[in-house]
Amino acid sequence: MNYRIDLAVLSEQKQFCRFGLTLHNLSDQDVTDWSIEFLMDLFIQPDSITHGELTQIGSYCLLKPELDVLKANHHFYCEFSIKTTPLRFYTDGLKDAALVCGAPAQRHQIALTPIALASPLKNRAEVHPVIASDLPIIPKPKSIKQTEGTYSLTSTSQITIHSEIAEKAAKWLDGELISLFGFKANSIGKSDIVFKANPTLDEGAYHLVVNAQGISLESGSSLGFVHASATLLQIVKPIDGTNDLTVPYIDIRDEPRFKYRGMMLDCSRHFHPVERVKRLINHLAHYKFNTFHWHLTDDEGWRIEIKSLPQLTEIGGWRGSDHVLEPQFSTLIGTHGGFYTQEEIKQVIEYALERGITIIPEIDVPGHCRAAIQALPEMLIDPEDKSAYRSVQNYTDNVLSPAIEGTYEFLDKVLTEVAELFPAKWVHIGADEVPDGVWVDSPKCHKLMVEHGYQDIKELQGHLLRYAEQKLRSLGKRMVGWEEAQHGNKVSKDTVIYSWLSEEAALNCAKQGFDVILQPGQMTYLDMAQDYSPEEPGVDWANVIPLEQAYRYEPLAEVPDNDPIRKRILGIQCALWCEIVTNQDRMDYMVFPRLSALAEACWTHKSARDWDDYLTRLKGHLPLLDIQQVNYRNPWK
């Protein structure tokens, strides 16, 4: 390329870093009427820039230098400061950069060298070598009894169903045997795999037996049959030189530890196509998850079709230099975006239900709403509101106003269509990270406070969320939200809290009478780096989470078993935020195998969990991921 940027950390303190940026003109042409665009997630202090002027919207930065002409084979240098903890990874640097020059503006890609970090990092985490288990079942079942012998599945083997509630699981098992092993059960043949109803088993529980008579899967629920099928898929092995499969003689009795076992995928920061979403949902079924939390809206993109408000996807679904929404996170040149039509969403919902997974949609309000606000300015902007604020992601215009009619028209239309589209009983309303400073300089908001006798500006968030809760209740849904949903003290205890800040925050909500889903970022966020090496992709604001740390997450470890507060903890969820996840390979690398480790925290009782035992099962499980063409992070390489 003709241009290159070098970025270096010049100095760092506990909450402060000074940077030096050098742009090299490697061409034989002078550059005039020019500026630099680049993407950086951290907020650059505007008054700290030398030799130029910078504006920033989210991660999009525009630097206008004081240097009028950048001569051929010369360079431009500036410095700036960021209030941040010391940077440790190459992914903390610039994500993309472009030279903008001329009129009309032309953009030229700038090559980026890895950020020059100031401090050495810790050594790479080592995972000791192990021998692969011949029963690589993840998560670990409650009870396993293995005896000598194996059972073979051949071209004459048939899947037989003795209960209607097993039909979806049997169909899924049949499809997975084909896709994973090329094995097709015979429509007419020997009943080698039999699904039997057992009403004595609780929801999600199952009994799997393999002996000389064949393979028996028993459950009292459709979900339990899916879990039994998932276990069976992990222990079948191809017989070399044939199309047959072999299964060890085994007796497994199993049931989940937590009723709710979920994963959240952020499709707003980067759009993930339907097939990628389905692929992840299928993996969740293999690890006995039962909930997929779909993060569909945020500042950087609106991903769900709302037929009564088409602007949300026509405008809010796309970003780039030629769009209303500026480039963010990954690429400056071209367009990024996409959205899911309601028909596509119905297909994904049905796909998930066939695998025993409920999809909970998230529509994030009142913060994280920039895509919606930019798409519907006439409806969602209060021109009299002069409040000044900056969100955690560096936006100054991403919060809905609780004092204008358009906000409630927007909520009514969006929530009505979402409630009709998704069969789940819950709808996630977001409610997180509303920044300080919102609404303080709004005449309409102050009038609303007087009308209702509110004393604190934060009560306005509760005012808006209470409206959303009541609207969802009228639509037959229960509202769920991040722990900030309780701010303003207006929502009822019927709202379920997803706690992401810490487990302590979750317990505080539970003590107030809220039902809670545990999702502490320090243990369950899959966008966190998995190692301390600088080339490791990921972020570390919550923690660096190596595989062992993810596995050793023990929910409620400090809470006595007989403490009644445990009844308020409904389950666990992990999450993949996608600021740096742009493609299938990166998604796989961040998710696997940590997803399997967290699946065991969701499913397996603490008395049965053991790190060394998990490693032997994981070693035996990796060939199945190879068959599935998963680009996992191998802990032994």
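The protein chain has 16 helices and 30 strands, counted as DSSP runs from the N terminus (H or I of at least four residues for helices, E of at least two for strands). This is a predicted model, where local features need pLDDT of at least 70, side-chain atom pairs count only at pLDDT 80 or more, and totals for chains, interfaces and linings use all residues. Residues are numbered from 1 along each chain as its sequence is written, and side-chain values use heavy atoms, with hydrogens and water left out.

On overall shape, the C-alpha trace spans about 85 × 65 × 45 Å along its principal axes. Of the 637 residues, 59% are buried, meaning under 20% relative accessible area with a 1.4 Å probe, protein chains only.

Now for two helix pairs, with axes fitted to C-alpha atoms over the stretch in contact and angles running from 0 to 180 degrees between N-to-C directions:

| Helix pair | Axes come within | Crossing angle |
|---|---|---|
| helix 1 (residues 167-181) and helix 3 (residues 274-286) | 13 Å | roughly 110° |
| helix 15 (residues 594-603) and helix 16 (residues 611-627) | 11 Å | roughly 130° |

Helix 15 is therefore oblique to helix 16; angles under 35 degrees count as roughly parallel, over 145 as roughly antiparallel, 65 to 115 as roughly perpendicular and the rest as oblique. Ser 596, Ala 597 and Glu 600 of helix 15 meet Tyr 614, Arg 617 and Leu 618 of helix 16, where contact means heavy atoms within 4.5 Å.

Helix 1 and helix 3, by their angle, are roughly perpendicular to each other. Here Trp 172, Glu 176 and Leu 180 of helix 1 touch Asn 282, Ala 285 and His 286 of helix 3.

Conventions:
Buried < 20%, exposed > 50% of the residue type's maximum accessible area, 1.4 Å probe, protein only.
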